[in-house]
Structures are given as C-alpha cells and as structure tokens.
Amino acid sequence: QVQLVESGGGLVQAGDSLRLSCAASGRTFNSYAMGWFRQAPGKEREFVAAISWSGSSTYYADSVKGRFTISGDNAKTTRYLQMNSLKPEDTAVYYCAARPSSTQVLGVMLSWYDYWGQGTQVTVST
C-alpha cells in the first residue's frame, strides 16, 4: 500500500506557473503508474495527466497539453506536475493517484487507480 500526499497548490494569476508535487510515503514510484486529476466546484473529477512507472510514457488531457508537464525520478519518491500558462478554468482541487504497474499502459479513468491523495487547491485569478 502507498500513501500519497500532494503539495504546491496556491493562488496565482492567469499566466503564472505552479509546480505540484505528489510524494509517496515510504516508497518510490518505480513500480507504480501515476496520474493527476482535478475537480472544479460542481464538476466531476477529470483526468489531467499520467506517467508510467519508468517515466518513459506520458499522456495528457487535451485541455492541458502543451502547458502542463508530468515528470519524476524513479530514484525519488515524488512525481511532479509543472503547470505553465495557467488559466482561470484550471482552478480546481488537484489529486494524484497511483496504481501498481510494470507496463507502459496509462489510465485516464478514476477507477483504474488504486491509491489517491487528499488533494491540493489551485486557484487561478483573472
């Protein structure tokens, strides 16, 4: 079992950048696929980005492609979501999720992931 803790959220202006971190307690991510999701008020939780256990495969939602980058180092216990050119519509609680995996398959559905963090708030003002 792995426990996930997100950090790095905050209040920024449109066009600014933020880097979110997802730390795995007591484990590295070298045997887990990992994803970022977000949930805006009154909306369903949606997929943002995912990265394979090796870090060699990534996938992004169309809404963030070209602006967000998911990354990490298998030697570390942390994965990152670099968010650039933030827009007000990026405002949401951001969650990281993990699933034990030894393949390059990435999931975009909430149900594919086994472990979730508690979320970190990102607010982008105009």
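I count two strands as paired if DSSP finds at least two bridges between them. The model I looked at is predicted.

**Strand β5 and its neighbours**

I started with β4 and β5, which form a hairpin with 6 residues between them. Gly42 in that turn has a positive phi of about 75 degrees. I found 5 bridges joining β4 (residues 32–39) to β5, and the two run antiparallel. Arg38 stands opposite Glu46 in β5.

Next I followed β5 to β6 (residues 58–60). They are antiparallel too, joined by 3 bridges. Ala50 faces Tyr59 of β6 as its opposite residue. This hairpin also has 6 residues between its strands, and Gly55 in the turn shows a positive phi of about 85 degrees.

Is β5 enclosed or open? I checked burial: 5 of the 6 residues in β5 (residues 46–51) are buried, so the strand is largely enclosed by the rest of the structure.

**Aromatic rings**

I counted 7 aromatic pairs. The Phe37 and Trp116 ring centres are 5.0 Å apart with planes at 55 degrees, so I logged the pair as tilted. Phe37 is in β4 and Trp116 in β10 (residues 115–116), so this pair ties together parts 79 residues apart in sequence. Phe37 is buried at 0% relative accessible area. Trp116, at 28%, is partly exposed.

Trp116 also pairs with Tyr113, edge-to-face, at 6.3 Å between centres and 70 degrees between planes. Tyr113 is buried, at 5%. I traced a cluster linked by ring pairs: Phe37, Phe47, Tyr59, Trp112, Tyr113 and Trp116.

**Charges over rings**

I noted Arg45 over the face of Trp116, 5.2 Å from the ring centre. The charged end of Arg19 sits over the Tyr80 ring, 4.1 Å from its centre.

How values were computed. Residues are numbered from 1 along each chain as its sequence is written. This is a predicted model: local features need pLDDT of at least 70, side-chain atom pairs count only at pLDDT 80 or more; totals for chains, interfaces and linings use all residues. Side-chain values use heavy atoms; hydrogens and water are left out. Buried means under 20% relative accessible area, exposed over 50%, partly exposed in between (1.4 Å probe, protein chains only). Helices (H or I, at least four residues) and strands (E, at least two) are DSSP runs, numbered from the N terminus. Rings of Phe, Tyr and Trp (its six-membered ring) pair if their centres lie within 6.5 Å; planes under 30 degrees apart count as stacked, over 60 as edge-to-face and the rest as tilted. A charge sits over a ring if NZ of Lys or CZ of Arg is within 6 Å of the ring centre and within 35 degrees of the ring normal.
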